[in-house]
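Hello,

Here is the structure I promised to pass on.

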Amino acid sequence: MIVVYTSPGCASCRKVKQWLKDRNLPFIEKNIFKVLLNDDEIKHLLMRSENGTDDIISKRSKIIQEQHIDIDAMTTDQLIQFIKQNPSVLKRPIILNETNFQVGYDADEIGVFVPQELRRIAEAGCTGDCPNFGACGKVRSCNDAQRA
């Protein structure tokens with residue numbers, strides 16, 4: 001299942017959600033300001049990010065800048081508590097499923113969230129009369145347009 005961590009007023013979050021809806025890909029949206037993240041979720045996000053805090057925390061956020069907070073000096077438990085108290089420090093959107101992790105909307109990268117089976121069908125070039133065209137044909141069309 002695809003999970004998208006969002007915030008209100010986030011243009012990239014809207015793009016991601018629309019992209020997923022256009023491809024009929026089910027997802028769970030978690031607004032980080034309405035649904036507080038628990039310790040395990042935050043640990044999971046930190047573990048999934050390749051570059052640790054750099055991938056998911058905006059060091060230019062207002063609270064970090066104003067209070068001169070050194071994220072790198074925090075223990076994991078301190079960092080988790082800080083994120084819980086200040087969810088605005090998280091970059092958005094954060095998109096993940098069982099195998100993929102992406103921060104922000106990147107049109108070239110988001111295709112990894114289309115199930116592999118549908119990507120194979122799309123690459124095979126199904127046509128408008130294919131029963132899967134609603135999902136895979138759109139993926140192929142978008143990929144073709146991006147390559148042009």
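**What covers helix α5**

The buried residues of α5 are covered by elements that include α2 (39-48), α3 (53-56) and α4 (62-67). Please keep in mind throughout that this is a predicted model.

Which residues of α5 (76-85) are buried? They are Leu79, Ile80, Phe82 and Ile83. Their arc around the axis is only 165°, so they sit on the same side of α5. Asp77 and Gln85 are exposed on the other side of the helix.

**Overall layout**

The protein has 7 helices and 4 strands. Along the sequence the pattern reads β-α-β-α-α-α-α-β-β-α-α. Of its 148 residues, 39% count as buried. Take the contacts with a separation of 6 or more: 58% of them come from residues 24 or more positions apart.

**The sheet**

The 4 strands form an open sheet in the order β2-β1-β3-β4, and the pairing is mixed. The edges are β2 (27-31) and β4 (101-103), each of which pairs on one side only. On average, neighbouring strands are turned by 15° against each other, with direction ignored.

Strands of a sheet pair through backbone hydrogen bonds, in a parallel or an antiparallel sense. Both senses turn up here. β1 and β2 pair in the parallel sense, over 5 bridges. Within that pair, valine 4 has glutamate 29 of β2 as its bridge partner. β3 (94-96) and β4 run antiparallel and are joined by 3 bridges. There, leucine 96 has phenylalanine 101 of β4 as its bridge partner.

How many residues of β1 are buried? The count is 5 of the 5, so β1 is largely enclosed by the rest of the structure. In a regular strand, side chains alternate between the two faces of the sheet. In β1, Ile2, Val4 and Thr6 point one way, while Val3 and Tyr5 point the other way. All of these are buried.

**Helices on the sheet**

Helix α1 (11-22) lies across β1 (2-6), β2 and β3. Its direction is at about 155° to β1. α2 also packs on the sheet, where it touches β1, β2, β3 and β4. The direction of α2 makes about 80° with that of β3.

α2 has its own buried residues: Glu41, Ile42, Leu45 and Leu46. They span an arc of only 135° around the axis, which puts them on the same side of α2. Asp40 and Met47 are exposed on the other side. What do the buried residues of α2 pack against? Their partners are β1, β2, α3, α5, β3 and β4.

**Where α2 meets α5**

Two packed helices are described by the angle and the distance between their axes. For α2 and α5, the axes come within 10 Å and cross at roughly 110°. The two helices are therefore roughly perpendicular to each other. Their crossing is right-handed.

On the α2 side, the contact is made by Asp39, Ile42, Lys43 and Leu46. On the α5 side, Leu79, Ile80, Gln81, Ile83 and Lys84 take part. Ile42 and Leu46 are also on the buried list of α2. Leu79, Ile80 and Ile83 are likewise on the buried list of α5.

**Backbone points to check**

Most residues other than glycine have a negative phi, and most peptide bonds are trans.

- Asparagine 24 has a positive phi of about 55°, although it is not a glycine. It lies in the loop between α1 and β2. Asparagine 24 is exposed, with a relative accessible area of 56%.
- Histidine 68 also has a positive phi, near 50°, and is a residue other than glycine. It lies in the loop between α4 and α5. Histidine 68 is exposed, at a relative accessible area of 71%.
- The peptide bond from arginine 92 to proline 93 is cis, with omega near -10°. Proline 93 is in the loop between α5 and β3.

Best regards

Note on methods: Residues are numbered from 1 along each chain as its sequence is written. This is a predicted model: local features need pLDDT of at least 70, side-chain atom pairs count only at pLDDT 80 or more; totals for chains, interfaces and linings use all residues. Side-chain values use heavy atoms; hydrogens and water are left out. Buried means under 20% relative accessible area, exposed over 50%, partly exposed in between (1.4 Å probe, protein chains only). The arc is that of the directions from the helix axis to the C-beta atoms. Contact means heavy atoms within 4.5 Å. Two strands pair if DSSP finds at least two bridges between them. Axes are lines fitted to C-alpha atoms, for helices over the stretch in contact, and angles run from 0 to 180 degrees between N-to-C directions. Angles under 35 degrees count as roughly parallel, over 145 as roughly antiparallel, 65 to 115 as roughly perpendicular and the rest as oblique. A crossing is left-handed if the near helix is turned anticlockwise from the far one by less than a right angle, and right-handed if clockwise.
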